Amino acid sequence: MTTTTRLRLKRKIEKLNERLLSLGALVEENVGLAIRALERGDAETATRVIDGDVEVDRMEVDLEEECLEILALHQPVAVDLRHIIAVLKINKDLERAGDLAVNIAETALHLSGDSRIHIPKAYFVMAAKAQSMLNQSLDAFVNMAVDEAYRLLREDDDVDRMKHSLHGKFEERLQEEPALLQPLIHLFLVSRHLERIADLATNISEEVIYMITGEIVRHGRKATGLRPLLEKDTLLARRELGRINGTVQ
């Protein structure tokens with residue numbers, strides 16, 4: 001790769017990072033607004049989140065297309081290839097987090113006129129934790145902070161414990177007031193959405209670790225060494241190029 005080509009690729013990767021962080025900021029905002037709508041029974045804010053998901057989807061598609069174009073035109077290798085693959089995966093994780101914000105907003109809309117439902121504070125404690133994890137995972141990406149990414153992997157257990165606790169409270173309330181089955185189910189699903197947002201933040205942290213170190217830490221697995229890393233990178237690149245060319249490789 002010539003110096004000029006290398007500089008061109010570097011600028012394109014920097015642009016990818018900027019666009020990914022813009023998407024991340026929008027998704028973080030939507031998650032926060034959805035939680036606020038739930039807490040305040042604010043149907044207008046909930047509707048804003050639902051309607052705004054179109055922009056999240058558009059940004060996700062545009063970023064994916066740009067990644068695929070770089071793979072096709074520049075055929076990056078090693079660190080650059082890992083970086084672009086990580087951006088592709090984080091891009092999809094953020095889009096899914098945006099969908100979960102919509103799910104929470106829809107619950108807020110459903111419950112906004114129901115005075116029978118009091119939302120326990122524990123939901124908002126869990127929400128703050130999930131939001132913090134999402135924010136910190138993006139910070140780890142920006143700062144290339146592998147230690148921060150590893151630390152976040154351990155925090156997911158805290159969110160799991162919170163969800164299990166809320167499940168117990170949900171069952172107790174349902175036994176006491178079976179007539180509230182539908183609204184209580186809607187409310188409990190918020191805890192599942194929050195747990196999933198935390199899981200996606202964990203996924204982002206895993207991709208940051210892979211991007212920086214070449215280690216695959218998904219499901220507790222690690223793949224180290226140059227040969228397996230290059231083989232995996234090459235396979236992923238071929239699959240993406242196959243999608244562009246309309247072939248299966």
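1. Basis. Residues are numbered from 1 along each chain as its sequence is written, and side-chain values use heavy atoms, without hydrogens or water. In this predicted model local features need pLDDT of at least 70 and side-chain atom pairs pLDDT 80 or more, while totals for chains, interfaces and linings use all residues.

2. Fold. The chain has 7 helices and 0 strands. Its pattern along the sequence is α-α-α-α-α-α-α. Helices (H or I, at least four residues) and strands (E, at least two) are DSSP runs, numbered from the N terminus. Of the 249 residues, 46% are buried, that is, under 20% relative accessible area with a 1.4 Å probe, protein chains only.

3. Helix 3 against helix 6. Residues 78-111 pack on residues 181-213 at about 170 degrees, with the axes 9 Å apart. Axes are lines fitted to C-alpha atoms over the stretch in contact, and angles run from 0 to 180 degrees between N-to-C directions. The pair is therefore roughly antiparallel (over 145 degrees).

4. Length of helix 5. Residues 146-176 make 31 residues, which at 1.5 Å a residue should span 45 Å; the end C-alpha atoms are 47 Å apart, in agreement. The expected span is 1.5 Å times one less than the number of residues.

5. Bend in helix 5. Helix 5 bends by about 25 degrees at Arg-154. The bend is the angle between axes fitted to the seven residues ending there and the seven starting there.

6. Buried residues of helix 5. Among them are Leu-152, Glu-155, Asp-156, Val-159, Asp-160 and Lys-163.

Key: Angles under 35 degrees count as roughly parallel, over 145 as roughly antiparallel, 65 to 115 as roughly perpendicular and the rest as oblique. Buried means under 20% relative accessible area, exposed over 50%, partly exposed in between (1.4 Å probe, protein chains only).
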